[in-house]
Amino acid sequence: MDYLKGLNERQREAVLHGEGPLLILAGAGSGKTRVLTYRIAHLIEERGIFPGNILAITFTNKAANEMKERIGRLLDGDVDNLWMGTFHSVCVRILRRDIDKIGYERGFSIYDRDDQVTLIKECINEMNLDRDYYRESSVLGTISHLKDKLIAPDTYINENYSNLYARNLGKLYALYQKKLKQYNALDFDDLIIKTVELFRSAPEVIDYYQRKFQYIFVDEFQDTNKSQYELIRALTGKYKNICVVGDPDQSIYGWRGADITNILNFEKDFKDTTTILLEQNYRSTKNILNVANHIIKNNMERKDKELWTDNEEGNQVIVEKLLDDKVEAEFVANKIEELVDEGYSLNDMAILYRTNAQSRSFEDALRRRNINYKLVGGVKFYDRKEIKDIVAYLRLIQNPSDDISLKRIINVPRRGIGKSTLEKIEKMAQEKDESMYSVLMEISHIKGISTRAKNSISAFVEMMSNLMAMSEIMSIDDFINHVVHKIGYMEELEKEGTIEAQSRLENIKEFISVAVDFVVDNPEGSLEDFLSSISLLSDVDKTEDIENSVTMLTVHSAKGLEFPVVFLVGMEEGLFPIARALEKDSDLEEERRLCYVAVTRAEELLYITYTQMRTIYGRTSYSQPSRFIEEIPEELIDSSTVHRRKVDLRSPFINVVDYTRDEGLKPKDTASTKVDGGDMDVGTKVSHKKWGQGTVVQMKDKGNDKEIVIAFDTVGLKRLLLSLAPIEIIK
DNA sequence: GCCCTCTTGTTCGAT
DNA sequence: ACAAGAGGGC
């Protein structure tokens with residue numbers, strides 16, 4: 001095969017490896033995607049393996065599609081039968097076929113985070129527990145961790161019997177699972193563990209898949225949890241042709257149960273494993289790689305390893321100190337414009353941050369300059385109320401046991417089925433051990449409900465049963481269009497006539513066009529398939545491809561991606577590393593790995609920025625540069641001081657951008673010049689340590705402090721905090 | 001049942 | 001800073 005020529009020796013060895021377990025420890029940018037695609041292509045073309053006998057698990061659906069496409073191009077052949085997708089999508093595919101063998105129905109609903117919260121609230125209320133003490137998020141967190149580790153509710157209850165709080169958590173977990181089953185619903189964790197359960201309890205099923213999947217691949221193996229590991233173990237029971245690719249230094253999902261020992265102990269669990277190290281980096285300049293190496297080597301819990309590259313030296317990394325988040329965003333936006341002038345495309349650039357909340361100031365700055373951007377994780381299209389409502393209708397149609405969906409939409413739009421009626425029905429359903437929908441179907445025989453409500457309910461049931469019948473015969477896109485009209489949702493919004501209603505209408509139309517696309521791509525796909533596909537999309541998958549645009553995303557989402565120019569922003573103690581990670585060494589090391597991931601996304605240019613003050617939850621506080629910056633040797637940093645000011649006339653108050661690397665504005669520097677707010681008002685003349693004379697033009701209360709805007713004679717408008725500003729009143 | 005005000009949590013990361 | 005939820009008044 002020609003393409004072997006382009007590979008280095010290690011890569012070639014991995015591609016050509018025959019049978020038996022294969023562990024590829026692939027450093028960042030070492031060409032692992034290439035190895036994976038070539039190896040799969042090689043298996044099909046040279047070893048005559050049928051694509052349907054290969055399973056490859058990737059981290060996002062996008063990665064799966066891209067890889068599939070590449071393999072298709074290499075082979076110039078049909079790869080449709082190749083099983084490729086995320087753990088979750090592969091499991092759904094398996095479960096849709098055989099979940100009835102473990103007591104669920106095949107039309108099961110998939111519950112997202114919101115549904116989980118609704119459900120756990122139900123459980124907490126039912127057990128009469130204090131919601132201040134048993135917080136939804138932390139209860140769900142505990143449940144999720146137990147599930148990741150395949151610990152059943154009973155086991156947990158027994159192990160913690162003497163601890164009331166833990167025992168109650170266990171009972172909540174048990175009740176939560178019971179309800180999921182009643183509603184014929186699975187949460188994300190269930191998708192994995194129910195597949196494992198299916199394999200354990202139905203030998204013919206596991207036997208089928210063990211025979212089918214002669215070769216199995218798992219990418220990003222360092223981020224698998226125990227249940228995913230067990231799934232893989234079960235599937236490889238027969239052939240042991242398991243190839244995993246990972247990098248312990250890029251393990252960043254410990255908080256959701258990823259177990260790094262999966263990769264560290266792989267050789268013990270799978271006998272006769274061949275291990276291949278890929279340490280040559282093809283992605284980044286020497287300087288960038290050096291920075292990454294210097295940061296990661298501070299981790300103690302780590303096998304020594306150092307990536308190297310033949311790429312050129314490249315520019316030094318630029319580290320910029322900026323006043324606050326607005327100035328930081330202005331700096332990045334300016335830089336982007338400069339780089340475009342130098343010939344870079346917007347597609348080449350990405351802004352990486354630790355938390356999603358940081359995106360806002362960058363959005364503002366880019367929008368002001370008409371720079372296109374795409375925000376990964378920001379488009380909450382599927383989280384919009386109207387979309388969730390329509391999805392709830394569709395779910396109920398496909399799965400009438402789904403009480404959560406039923407309760408969401410039974411009175412949306414309003415049909416006069418109120419809270420008290422619903423409570424009665426819910427109670428009735430519980431007593432009869434039936435779904436609420438089946439109670440609704442027998443509503444005429446039920447006492448204690450007004451005729452009026454009964455009529456509304458009968459109309460609702462009739463409408464739904466018509467829709468259920470139609471769902472069998474219509475195409476998905478036509479059907480959804482039919483549903484949104486029949487249920488009166490469109491009508492309701494049209495009547496409303498507000499701008500908000502208008503945008504909801506447009507979103508629904510957009511949703512229908514998503515369905516049209518789905519039908520085009522999956523002519524054989526069912527409604528269930530459509531619903532699962534939308535609930536399993538990752539943020540990266542969901543991001544609209546906007547031509548010629550800067551990408552903005554969290555470091556977590558950036559895993560597996562690369563960009564010629566990376567802006568790593570908000571590099572401050574307490575933000576990156578995040579405050580909550582400072583207490584535990586292991587958490588701090590995960591932050592450091594995350595930083596390593598961030599740095600290694602960059603190919604040519606890396607900008608690292610941090611601010612001197614940052615506002616979180618509306619409170620401004622002083623920040624210190626991240627320890628990870630301190631870990632970079634001086635000689636790798638471009639230390640040329642930039643002194644520039646630009647005035648943006650379009651925006652009166654945030655217009656003055658100051659890029660100076662001054663050391664001022666620290667609390668201790670300013671203590672001696674602190675001004676008492678009482679003496680100051682609009683019109684007061686002041687003198688600033690650095691900016692000279694100016695006049696106060698605006699004053700605003702800010703907690704215990706005051707925010708003042710001063711028009712300086714030389715530098716224009718500045719926003720300052722009274723308690724901190726190094727200013728004096730001129731009498 | 002609905003509207004208003006006040007309080008509270010949120011944002012660490014995500015399938 | 002802001003949204004969602006609680007609680008009170010109509």
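Helix α4 (residues 87–98) and helix α9 (residues 188–201) cross at roughly 50°, and their axes come within 9 Å. That angle makes α4 oblique to α9. Keep in mind that you're looking at a predicted model. Chain A has 30 helices and 26 strands, and buried residues make up 55% of its 731 residues. Take the contacts in chain A between residues at least 6 apart in sequence: 74% of these join residues at least 24 apart.

**Helix pair α4 and α9**

- The crossing of these two, α4 and α9, is left-handed.
- On the α4 side, the residues that meet α9 are F87, H88, C91, V92, I94, L95 and D98.
- On the α9 side, the partners are F188, L191, I192, K194, T195, L198 and F199.
- Sort the residues of the α4 and α9 contact by class and you get ten nonpolar, two polar and two charged.

**Helix pair α21 and α22**

- Next up are helix α21 (residues 451–473) and helix α22 (residues 476–486), which pack at an angle of about 170° with their axes 10 Å apart.
- Angles over 145 degrees count as roughly antiparallel, and α21 and α22 are therefore roughly antiparallel to each other.
- From α21, the contact uses M463, L467, M470 and S471, while α22 brings F479, H482, V483 and K486.

**The seven-stranded sheet**

- Seven strands make an open sheet with parallel pairing, in the order β13-β14-β12-β15-β16-β11-β19.
- Its edge strands are β13 (373–375) and β19 (637–638), each of which pairs on one side only.
- Strand β12 (residues 349–353) pairs with β15 in the parallel sense, over four bridges. Within that pairing, I351 has F567 of β15 as its bridge partner.
- β12 also pairs with β14, again in the parallel sense and over four bridges. Here A350 is bridged to T551 of β14.
- How much of β12 is buried? Five of its five residues are.
- Which residues cover the two faces of β12? M349, I351 and Y353 sit on one side, A350 and L352 on the other, and all are buried.

- As background, most residues other than glycine have a negative phi, and most peptide bonds are trans.
- Cis bond one: V412 to P413, with omega near -5°. P413 is in the loop between α18 (403–409) and α19 (419–432).
- Cis bond two: F576 and P577, with omega about 10°. P577 is in the loop between β15 (563–568) and α28 (585–599).
- N128 isn't a glycine, yet it has a positive phi of about 55°. Look for N128 in the loop between α5 (113–126) and α6 (136–148).
- N184 isn't a glycine either, and its phi is also positive, at about 50°. You'll find N184 in the loop between α8 (164–182) and β5 (185–187).
- Is N128 buried or exposed? N128 counts as exposed, because its relative accessibility is 70% and the cut-off for exposed is over 50%.
- Is N184 buried or exposed? N184 counts as buried, because its relative accessibility is 4% and buried means under 20%.

How values were computed: Residues are numbered from 1 along each chain as its sequence is written. Chains are lettered from A and ligands numbered from 1 in the order in which they are written. This is a predicted model: local features need pLDDT of at least 70, side-chain atom pairs count only at pLDDT 80 or more; totals for chains, interfaces and linings use all residues. Side-chain values use heavy atoms; hydrogens and water are left out. Buried means under 20% relative accessible area, exposed over 50%, partly exposed in between (1.4 Å probe, protein chains only). Two strands pair if DSSP finds at least two bridges between them. Axes are lines fitted to C-alpha atoms, for helices over the stretch in contact, and angles run from 0 to 180 degrees between N-to-C directions. Angles under 35 degrees count as roughly parallel, over 145 as roughly antiparallel, 65 to 115 as roughly perpendicular and the rest as oblique. A crossing is left-handed if the near helix is turned anticlockwise from the far one by less than a right angle, and right-handed if clockwise. Contact means heavy atoms within 4.5 Å. Ala, Val, Leu, Ile, Met, Phe, Trp, Tyr, Cys and Pro count as nonpolar, Asp, Glu, Lys and Arg as charged, and the others, Gly among them, as polar.
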